[in-house]
Amino acid sequence: MAKCTFCGINLPRGTGKIYVQKDAKVLYFCSSKCEKNMLKLRRKPITTKWSGRYEK
Ligand SMILES: [Zn+2]
């Protein structure tokens, strides 16, 4: 099962978005919110409080 690259939520097969970077690394997103934060705003999951991967 894939997990959202940004917030870490589980993505059942067939849900979410798959994004392939130029270096062939595959990113998974549960929502456009996560996609936007990662790709456009260049936020990091561990420093974003609402993401499940936030670390103090
Ligand atoms: Zn997400």
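Reader: Which pattern does the chain follow along the sequence?
Author: The model is a predicted one. Its secondary structure amounts to 1 helix and 4 strands. Taken in sequence order, these elements give β-β-β-β-α.

Reader: What is the radius of gyration of the chain, and what does the globule rule give for 56 residues?
Author: The C-alpha trace spans about 30 × 25 × 15 Å along its principal axes. The chain is as compact as a globular protein of that length, because the globule rule gives 10 Å for 56 residues and the radius of gyration is close to this, at 11 Å.

Reader: What is the geometry of the zinc ion site?
Author: The protein donors are the SG atoms of Cys4, Cys7, Cys30 and Cys34, at 2.2 to 2.3 Å from the zinc ion. Four donors count as tetrahedral if all angles lie between 85 and 135 degrees. The angles among the 4 donor atoms are 105 to 115 degrees, and the site is tetrahedral.

Reader: How many residues apart in sequence are the parts that cysteine 7 and cysteine 34 tie together?
Author: The donor residues of the zinc ion follow the spacing C-x2-C-x22-C-x3-C. Cysteine 7 belongs to the loop between β1 (2-3) and β2 (10-11) and cysteine 34 to helix α1 (residues 32-40), so the parts that this pair ties together are 27 residues apart.

Reader: Is isoleucine 18 buried or exposed?
Author: Isoleucine 18 is part of strand β3 (residues 17-20). Together with Val20 and Val26, Ile18 forms a nonpolar surface patch of about 270 Å² accessible area. Since its relative accessibility is 60%, isoleucine 18 counts as exposed.

How values were computed:
Residues numbered from 1 in each chain as written. Predicted model: local features only at pLDDT ≥ 70, side-chain atom pairs only at ≥ 80, totals over all residues. Heavy atoms only, no water. Donors = N, O, S within 2.8 Å, 3.2 Å for Na, K, Ca; no water. Tetrahedral: all angles 85-135°; square planar, octahedral: opposite > 155°, others 65-115°. Helix = DSSP H or I, 4+ residues; strand = E, 2+ residues; numbered from the N terminus. Patch = residues over 30% accessible without salt bridge, like charges linked within 9 Å, V, L, I, M, F, W, Y side chains within 5 Å. Areas by Shrake-Rupley, 256 points an atom, 1.4 Å probe, with all protein chains shown as cover. Salt bridge = Lys/Arg side-chain N within 4 Å of Asp/Glu carboxyl O. Buried < 20%, exposed > 50% of the residue type's maximum accessible area, 1.4 Å probe, protein only. Rg over C-alpha atoms; globule rule 2.2 N^0.38 Å.
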